[in-house]
Amino acid sequence: MPKIPVAKLEPGMKLAKPVTAKNGMVMLGEGTELSETWIERIRDMDIASIFVEGPPVQALPKEEALANLETRFAKVDGKPYMNLIKKITKEHIEGLYE
Amino acid sequence: MSNIDPKVLRHKVENIGTLPTVPGVLKRLSGIIEKPRITLVEISAFISNDPALTTKILKMVNSAIYGFPGRIASVSHATMLLGLNVIKGLLLGVSVFELMQKTMNGLYEHSLACAIASRVIAQKKGLKEPEEISVAGLLHDIGKVILMLEFQTEYEAAMNEAQTKGISIFEAEKNQFNATHANVGSWLAEKWRFPRSLIEVIEFHHRPALAKNAPLETAIVHMADILVRARGFGFAGENYVPEVNPAAFELLKLSAADIKDVLKELEENMESAEDIS
Ligand SMILES: [Fe+2]
Ligand SMILES: [Fe+2]
């Protein structure tokens, strides 16, 4: 269920979560298929992004995500249990790209 | 080096309602929460009278904290199900959300992820009240918000010091304030009459071996904090994963499969939790 910036919405996309006003009122229900009109209304609502249906999109390319992981663990290499935690986390991140 | 006296710092934190930098929402809230005998009904009414607050609380209980999406439809149901301490904690959590975004970009995401990871670990350990641990995860770094609000220049200096020297924000805070966000958070939790276990988790989440009353709860949030940083969700003041306390790791006895499960649940919940605001 990717979160899409309002500027990138396209007709045919389906809402994975309702679009709500600041006070919580539901403006468009979950499952609504977006038309040009609905997209225009959403643009007039002062919302940054909304959830649409579909597989999650990873924000970073895999190589970058793994390089960042290395950086985050740079200070604790060889400390008790940290290599184990790193290994499990690495497998987890790799799994997100399969 | 610091010239801030921790006693003065503590005094400021305990009188948070009178600080000029603290926004109205937190002042109103502290007026409610500090009352010695607030009832479930009063707190439920306070939330229900505010539609925005109601939405935030319901979104929170239906995603990250409770772990059963979509089950709780009303504030009264939520308060009955979760109890006074959890609701009080949630109220504080959602009320400082905007403040967190403003004071340290990414801290809310970090806190939310810790809430989820803490709940999942608590469930794996068979704890009776996983929601209480979840709230502890949500609030564990609240001291950072207070420090940032009241001492922005000094806190930014601490973040810079952490960055340039490659030390943890916890160590850099000690240099700047002679105290840490863990101290500050625990003073606030005490002032707001949170249960002993929550105060202890906040105070010792970076030094879990010192927890006397709630060692398991403290170890859980300590571990959650590390896993969240390992995965790279949010920002908590510096970019490095800190060392896990070996005794805490051994106390938890999580298998590799358990840790994988925590990361998996974190992934699934964070995707939908990000719009809690
Ligand atoms: Fe912390
Ligand atoms: Fe943290």
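**Stop 1: the cavity in chain B**

Select Leu9(B), Lys12(B), Val13(B), Leu19(B), Ile146(B), Leu147(B), Glu150(B) and Phe151(B), which line the largest cavity. A cavity here is a set of points, on a 1 Å grid over the protein atoms alone, where a 1.4 Å probe fits but cannot get out, and lining residues have an atom within 4 Å of a point. The volume of the largest cavity is about 40 Å³, where a volume is the space filled by probe spheres set on the points, with grid points joined across faces, edges and corners. The count of cavities of 30 Å³ or more comes to one.

Colour the lining by residue class: six are nonpolar, none polar and two charged. In this scheme Ala, Val, Leu, Ile, Met, Phe, Trp, Tyr, Cys and Pro count as nonpolar, Asp, Glu, Lys and Arg as charged, and the others, Gly among them, as polar. Helix H1 (6–14) and helix H9 (142–150) of chain B each supply at least two lining residues; helices (H or I, at least four residues) and strands (E, at least two) are DSSP runs, numbered from the N terminus.

The model is predicted: local features need pLDDT of at least 70, side-chain atom pairs count only at pLDDT 80 or more, and totals for chains, interfaces and linings use all residues. Residues are numbered from 1 along each chain as its sequence is written, chains are lettered from A and ligands numbered from 1 in the order in which they are written, and side-chain values use heavy atoms, with hydrogens and water left out.

**Stop 2: the iron ions**

Select the iron ion (ligand 1) and its protein donors: Asp141(B) (OD), His181(B) (NE2), His205(B) (NE2) and His206(B) (NE2), at 2.1 to 2.2 Å. Donors are N, O and S atoms within 2.8 Å of the metal (3.2 Å for Na, K and Ca); water is not among the atoms, so sites may look incomplete. The four donor atoms subtend angles of 84 to 175°, which makes the arrangement irregular. Four donors count as tetrahedral if all angles lie between 85 and 135 degrees; four count as square planar and six as octahedral if opposite donors are over 155 degrees apart and all others between 65 and 115; anything else is irregular.

Which residue bridges the two iron ions? Asp141(B) does, and the ions lie 3.6 Å apart.

Are His110(B) and His140(B) buried or exposed? His110(B) is buried at a relative accessible area of 1%, and His140(B) is buried at 0%. Buried means under 20% relative accessible area, exposed over 50%, partly exposed in between (1.4 Å probe, protein chains only).

**Stop 3: two positive phi angles**

Most residues other than glycine have a negative phi. Select Asn178(B), not a glycine, with a positive phi of about 55°. Asn178(B) sits in the loop between helix H11 (169–177) and H12 of chain B and is partly exposed at 44% relative accessibility.

Then go to Asp46(A), also not a glycine, where phi is positive at about 60°. Asp46(A) is in the loop between helix H1 (36–43) and strand E4 (49–51) of chain A and is exposed at 62%.

Technical notes. 1 Å grid on protein atoms, 1.4 Å probe; cavity = no way out; pocket = protein on both sides within 12 Å on 5 of 7 lines; lining within 4 Å.
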